Amino acid sequence: MSTITHDPGVMDRLLFGDNQFFGVNHMSEEKARAQAMRFQDLDAVMAVLDAAYDEGIHTFMCTTHERVAEIVEVVRSQPERYAGFTFYPCMPYAHKYANAVTDYGMLGALRRFLPDDGLVATAFKGGRAVARKDVESMITMLIDAEMSMFRGVPTPVVFLQNVVVDLLLGLGFDEAFAVFAHHVRDKYGAEPGYITMNLVPLLDVLDRVGIENPIVCSNMNKLEFRMSGGADGYRAVLEERQFRAIAMSVFASGALSPQEAFGWVAEFPAIESVVFGASTAAHIHSTREIADQVWPRAAVPGRS
Amino acid sequence: MTTFLDRPAAAVAAGPDSTPTTMLRVAVVGVGKMGLSHLSLLRAHPRVMVEVVCDANGYVLDVLGTHTGLHSATDYAAMLDAVDIDAVVIATPTQAHYPMVRAAIERGLHVFCEKPLTLSSEQSEELARLAEERGVVGQVGYHNRFVAAFAEAERLVEMGAIGTVHHALAEAYGPVVLKPKGGTWRSRRAEGGGCLYDYAAHPLDLMTWFLGEPTAVRGTTLGRVYSADTEDEVYATLEYGGASAQLSVNWSDESYRKMTTRLTLWGSHGRITVDRQECQVYLRESAVAPEGYRHGWNVKYTTELTPPVWFYVRGEEYSAELDYFVRNALGELAPEEAQDLNTFESAAVTDRVIEMLLADAAGAPVTPAPRSPARPAAPTTRRTTTRADRLREIGSTALGGLRRGVDKVRRTMGDKHR
């Protein structure tokens, strides 16, 4: 297995997430629904993204939800307003596939998401005996399908979503991570990123398939919420392993105050970025201020 | 069970203990959505060796075999004969559960089976008896009992925090069937598809957990929104001795991003509303507030209630239910934890309730089978025994009538409703 070296490009310290726009809230369904109502119109979404941009938060880490295509369109059409606005796509939007599997079965779903070319038809007709390269081609075709909405906007890091990463990780489908890395680098000139709820075992596997210093995004918070295997393992890898850490759920879905949350993050110099979501300009502003205060830039190695 | 002196790499995660560790050798049967998720979790479990994956679909098996090194089989019976295993995890369409579970138990294997256990309570009860006779662990995938918020609510009801429960509302909504045509078994009742088996089974099972077995059901509506061969919505009134409950379930509601299951219980000392995310508790002044609670509103969130799991794919509950099964099969449940979560016996109760609803919807007189509840009733639940006593007297006559009603509904589904 060849070694995949990383692009030394620097990620922003604060990345803006998209859960709030799509009715995802780990603490309350009522709150999730209120947000889904509020962000039904694109204008409401753009107003919040504008507020983040004006606060100096220029990276939007988003799923490949179909509504993101509308956001991309707005950004693409106003290059001056959104100079430097960067997308970190996270694929796939898992519900889309899960629903299709319910509707069409496993193979039927795959067939719907893959282009209708000879390879797929042949693979399915036989019903078995899939060559290694066929599965590889399918993975890359799925990546291309997900990336099509981002044409014409910068996507320097492309992530594989946690449900898929963790499913593959458990199954032992390690090669898929390398296939993803190669394709994202070769075709999109981007760094591969991996979102996971199982940080420690994922780092081992990425190491094994030759992905050096990988970008990995995982739950990291003072409450130890959803840090699989326990917080000790997370502490150990943050102190000892070479990887580019992005912390998510640092507020543990709102259970921690921003001061507490960033105070904890500041204890780990290896955390390069934090991804967070917010619904109002005031909330974004205060989060940015508190982050600057409690987690000052100087605390991050390799940054000016 | 096999003792591995040389533990595989995955087992190292179990800790620095250098003594031989007993591993559970497992076959995963059915690799659809649930099966793949179970397979992923089990392969990551430090005490499990997945020996073989069995599915009728050779394509998925080939991909798994080529890329993960898993051994595979397409013939279940031949696989049981050929491979040394201690347990099977079954995630096939419901129709196939009964013969598969039976064959496994007869070979002395522990069984984890997806819900519902079977399409007939008679068969479920038989499997429960068989499992007991053979001394094997039987567990059914009602994962909500492993959701920390539901477990907390159950603990509160059990300890009498809200007093005597007099009414409950059990709901489940989500976006499963959103157009007239469906191509999989989930859209066919005869194979265990439909909103009742697939969706309503979850809140019904939670009600069984919280309140025991219902004494009667009435007003059952099996309605259609899109489906041709099965129902998309289920509404009913259930009686639990002195408590009444409404069931409201609809799997054709895309205003919910994913399945939402919610239970509300009203008691003499307060109220609880609970879903996967949070447990909202209102305690009257008359209540004795448990530790960590006070009079008035209390909200406990999943973030504080849920301990980390060893490996996470799409929800702690799926990890926790398999971990419980593995430890139970290895005989390693801690004495202080519940010993009987999601047994075949409790799943059979849920299957009986499903049949009561089917019979009621078909207009048959609905009386429950003369069985004891899956677990003793919550001590604070007010119960009247008159009706139940009468039913016991009616005995097998009632059971036969119920089953005839169910058969009738199965035969005529499609003409009777809408």
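Modeller: Helix 11 of chain A passes helix 12 of chain A in a right-handed crossing (the near helix is turned clockwise from the far one by less than a right angle). Helices are DSSP runs of H or I with at least four residues, strands are E runs of at least two, and both are numbered from the N terminus. This is a predicted model: local features need pLDDT of at least 70, side-chain atom pairs count only at pLDDT 80 or more, and totals for chains, interfaces and linings use all residues. Residues are numbered from 1 along each chain as written, and chains are lettered from A in the order in which they are written.

Biologist: Which residues of helix 11 of chain A meet helix 12 of chain A?

Modeller: Pro258(A), Gln259(A), Phe262(A) and Gly263(A) meet Ser286(A), Thr287(A), Ile290(A), Ala291(A) and Val294(A) in helix 12 of chain A. Contact here is C-beta atoms, placed from the backbone, within 7 Å.

Biologist: OK, switching to chain B. How many helices and strands are in there?

Modeller: Chain B has 12 helices and 15 strands. Of its 418 residues, 54% are buried (20 or more other C-beta atoms within 10 Å of a residue's own, all placed from the backbone).

Biologist: And why is strand 3 of chain B largely enclosed?

Modeller: Because 6 of the 7 residues in strand 3 (residues 48-54) of chain B are buried.

Biologist: How does strand 2 of chain B pair with strand 3 of chain B?

Modeller: In the parallel sense, over 6 bridges; pairing takes at least two bridges found by DSSP. Val26(B) stands opposite Val50(B) in strand 3 of chain B.

Methods
Contact = placed C-beta atoms within 7 Å. Buried ≥ 20, exposed ≤ 12 C-beta atoms within 10 Å, placed from the backbone.
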